[in-house]
Amino acid sequence: MISHRSEGEPMAEGKVRCTRCILPDTYPNIDFDEKGVCRVCREFDEKYSSIDWKARERELESILNRYRGKGKKYDVLVPFSGGKDSSYTLWMMKNKYKMRCLAFNFDNGFLDENALAFVKKAARNLGVDLITYTPDRELLDRVYKRALEATGEFCAACVVLMPTAIFRAADTQGIRLIAAGFSDILESPPPETSYMDRVCFRDIMKPAFDLKELEWDFFFPSWKRMFGVKQINLPNYIPWDLPTIYETLNRELDFGKSMKDVRYDCLGTPHSSYLFRMRTGFGKYEYLYANMVRAGVITREEALKVVEEREPKEAPEGFDEFMAGLGCDRSILEGIEKKSVFNFKTRNRGFREFAHRIRRLLP
Ligand SMILES: [Zn+2]
C-alpha cells in the first residue's frame with residue numbers, strides 16, 4: 001500500500017515517520033495507515049496485545065520447577081554481559097526463583113572495561129560462580145573481516161559465536177537449562193535486513209577459511225546435543241519493566257546506571273550502527289528505539305531525541321582505527337548497499353521450523 005506512504009508524519013529533517021513509533025519511510029516494505037501508523041506497529045498489536053502475563057509466569061514456574069535442584073552443581077546457566085537485561089535475569093534466577101546459577105560471560109574483546117569490572121563484582125555480590133570465555137582475538141578478527149567484506153556487517157560473527165559458546169558452556173558443565181535476558185520485543189533486528197544461521201555462516205566463511213579452524217567456536221555443539229539443552233528468555237515470561245529493573249539493580253547490585261544512560265555492552269556498536277545505516281538507509285537506533293516506544297518503555301519524543309543525538313550520520317569517532325583493527329579501511333563502504341547476508345545460502349525453512357518446534361517442546 002505504497003499510496004499510504006505520505007500519510008505518516010513528515011519530520012523536520014524531511015523524513016516521514018510513523019506517528020506511533022518512530023520508524024522512517026526508508027524502513028523496508030513500510031506503509032502507513034490513515035492515522036499514520038506503520039505496518040510494524042500494526043503487526044506488533046496483533047502479536048503482543050493479548051499476552052496473558054499471569055499465564056506466562058505460571059509457565060515459567062513450571063519450567064523452572066523441572067530443573068531446580070536437578071543439575072550436579074548448577075540448575076541453570078545465565079549468559080551475563082553486565083548489561084541491565086542479563087544482570088536482572090541473573091538476579092531474578094538466583095533470588096526470586098532460587099535457582100543454582102552459573103553466570104557465563106563471553107568476552108569478544110570489545111567489551112567496555114567498566115562492564116567487565118561490573119560482571120566480576122556483581123557475580124561476587126550475588127554469590128554465583130562465574131566463567132568467562134575469551135576466544136583468540138586473531139581468529140576473531142579474521143572472521144569479522146571476512147563477514148564485513150562479504151555482508152557489509154561484522155556482527156554476524158558474534159551472532160553465531162555467542163550462542164555457540166553459551167551452549168558449549170552449558171553442555172560441558174552438564175547444565176540442561178539456559179536462561180537469558182534477550183527480549184524479542186525490544187531487541188530483535190528487522191527480519192528484512194538481518195538473518196543468520198550456521199548454514200549461512202558456513203557459506204559466508206567457506207572461501208576464506210579452512211572450516212576445521214572454525215568448528216569449535218562456531219559449529220559446536222551438534223544439533224543433536226543442542227536438543228538436550230533448553231533455552232528460555234526471561235523477558236518472554238514476565239513484563240520487562242525498565243524502571244523496576246534499574247531500581248532493583250541499583251539497590252541490590254550497585255549498578256550505577258539510570259534509564260537515561262545510553263550505554264553499549266560492545267565498543268563496536270557505534271561502528272556497526274554506522275555501517276548498518278550506510279547499508280540499509282535507516283538506523284539501528286531508529287528500530288531499537290521504535291521498539292521501545294511501541295512497548296511503552298519510553299515516549300516517542302524521548303526516542304526522537306536519542307535518535308537525533310546518537311544516530312551516526314557520519315563515520316563515528318575512531319571509525320578508521322576500528323576498521324584498521326580488523327584489517328579493513330573505508331573502501332569497505334563502496335557498494336555496501338548491495339551487500340547482504342541474503343546473498344548467501346540459508347537453512348531450509350522447513351528444517352528451521354521443525355527444529356524450533358522440537359526445542360520448544362523440550363521438557
Ligand atoms: Zn510504527
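Helix 13 (residues 284–294) is largely enclosed by the rest of the structure, because 10 of its 11 residues are buried, a residue being buried if 20 or more other C-beta atoms, placed from the backbone, lie within 10 Å of its own. This is a predicted model, in which local features need pLDDT of at least 70 and side-chain atom pairs count only at pLDDT 80 or more, while totals for chains, interfaces and linings use all residues. Residues are numbered from 1 along each chain as its sequence is written, and helices (H or I, at least four residues) and strands (E, at least two) are DSSP runs numbered from the N terminus.

Among the buried residues of helix 13 are K284, Y287, A290 and R294, and the buried set packs against helix 1 (39–48), helix 7 (184–187), helix 12 (269–280) and helix 14. Just after helix 13, G296 takes a positive phi of about 80 degrees.

The axes of helix 13 and helix 14 (residues 300–310) come within 9 Å and cross at roughly 165 degrees, the axes being lines fitted to C-alpha atoms over the stretch in contact, with angles that run from 0 to 180 degrees between N-to-C directions. The two helices are therefore roughly antiparallel to each other, a term for angles over 145 degrees. Where they meet, Y285, E286, Y289, M292 and V293 in helix 13 face R300, A303, V306, V307 and R310 in helix 14, contact requiring C-beta atoms, placed from the backbone, within 7 Å.

Strand 4 (residues 101–106) is also largely enclosed, because 6 of its 6 residues are buried. Buried residues cover both faces of strand 4, with C101, A103 and N105 on one side and L102, F104 and F106 on the other.

Terms used. Angles under 35 degrees count as roughly parallel, over 145 as roughly antiparallel, 65 to 115 as roughly perpendicular and the rest as oblique. Two residues are in contact if their C-beta atoms, placed from the backbone, lie within 7 Å. A residue is buried if 20 or more other C-beta atoms lie within 10 Å of its own, exposed if 12 or fewer, and partly exposed in between; C-beta atoms are placed from the backbone.
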